[in-house]
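Please read them with the structure open beside the text.

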Amino acid sequence: MDKILKYFPNLTDIQKEQFEKLDFLYHDWNAKINVISRKDIDELYTKHILHSLGIAKIIKFEPGTYVLDVGTGGGFPGIPLAILFPETRFFLIDVIAKKIKVVQAVAEALELKNLKAKQLRAELVKGDFDFIVSRAVTNMPDFVSWVRDKIKKKSKHELKNGILYLKGGDLTEELAAFPKATEYNLSDYFEGEFFETKKVVHLPLKFVN
């Protein structure tokens, strides 16, 4: 929890309480339904929560922004972002029912009114979103093919509407077909070995043919 406060010192009391509760909630649920690997659960705040919040170092979502989290797994990056941006609406989807069950239970325990979760394939999502977030679900070309028609045309942020993708490693080859993509190194924002190769990739989708 101290790591969250170090990088996000202006949290409200409610947000602090919600972030603190994540430790118990995920340990409790992970004992019943394995949504986080055993070796990573003790690094929850670094490898999952803070990693998810890397997106918040790239953009501050305006009130009323609508965000789709594709392949959310146990709720990342959607749940930490929903805590940080209570006036932004989040729709979390995953194809695995038991993972969505955990997401719904955690969101309910935290009383997150700005988050909905559903077992659903990305291709079947109805509606338009300002941004689509995800954490290394697949390669960028495949991901774009799933979501390219789900972005609102009118942007209200400095960053153009599109994808905000948490990825790691050398993405030169993967992003070769997307010259408009921008890579942000999370090591510029967070300390620690884990973040040395981690990035947020922004791809403005209205420019994709």
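1. In which sense, left-handed or right-handed, does helix 2 pass helix 6? The crossing is right-handed, a term used when the near helix is turned clockwise from the far one by less than a right angle, anticlockwise being left-handed. The axes of helix 2 and helix 6 (residues 97–109) come within 11 Å and cross at roughly 150 degrees; axes here are lines fitted to C-alpha atoms, for helices over the stretch in contact, and angles run from 0 to 180 degrees between N-to-C directions. On the side of helix 2 the contact (heavy atoms within 4.5 Å) is made by Lys21, Leu22, Leu25, Tyr26 and Trp29, and on the side of helix 6 by Lys101, Val102, Ala105, Val106 and Ala109. These residues divide into eight nonpolar, no polar and two charged, where Ala, Val, Leu, Ile, Met, Phe, Trp, Tyr, Cys and Pro count as nonpolar, Asp, Glu, Lys and Arg as charged, and the others, Gly among them, as polar.

2. On the basis of the values: this is a predicted model, in which local features need pLDDT of at least 70 and side-chain atom pairs count only at pLDDT 80 or more, while totals for chains, interfaces and linings use all residues. Residues are numbered from 1 along each chain as its sequence is written, and side-chain values use heavy atoms, with hydrogens and water left out.

3. Seven strands form an open sheet of mixed pairing, in the order 3-2-1-4-5-7-6; helices (H or I, at least four residues) and strands (E, at least two) are DSSP runs numbered from the N terminus, and two strands pair if DSSP finds at least two bridges between them. Strand 3 (115–119) and strand 6 (182–185) stand at the edges with a single partner strand each, so one side of each is left without a neighbour in the sheet. Strand 2 (residues 89–94) pairs with strand 3 in the parallel sense over five bridges, and phenylalanine 90 stands opposite leucine 115 in strand 3.

4. Helix 3 (residues 44–52) packs on the sheet, where it touches strand 4 (131–135), strand 5 (162–168) and strand 7 (198–204), and its direction makes about 170 degrees with that of strand 4. Helix 7 (residues 140–147) also packs on the sheet, touching strand 1 (66–70), strand 4, strand 5 and strand 7, with its direction at about 150 degrees to that of strand 5.

5. The largest pocket has a volume of about 480 Å³ and is lined by 27 residues, of which Gln15, Ile83, Leu84, Phe85 and Pro86 lie nearest its centre. A pocket is an open set of points on a 1 Å grid over the protein atoms alone, where a 1.4 Å probe fits, with protein on both sides within 12 Å along at least five of seven lines; lining residues have an atom within 4 Å of a point. Grid points are joined across faces, edges and corners, and a volume is the space filled by probe spheres set on the points. By class, this lining has 15 nonpolar, six polar and six charged residues.

6. Two backbone details deserve a look. A cis peptide bond, with omega about 10 degrees, joins phenylalanine 76 and proline 77, and proline 77 is found in the loop between strand 1 and helix 5.  Glutamate 111, although not a glycine, has a positive phi of about 55 degrees.
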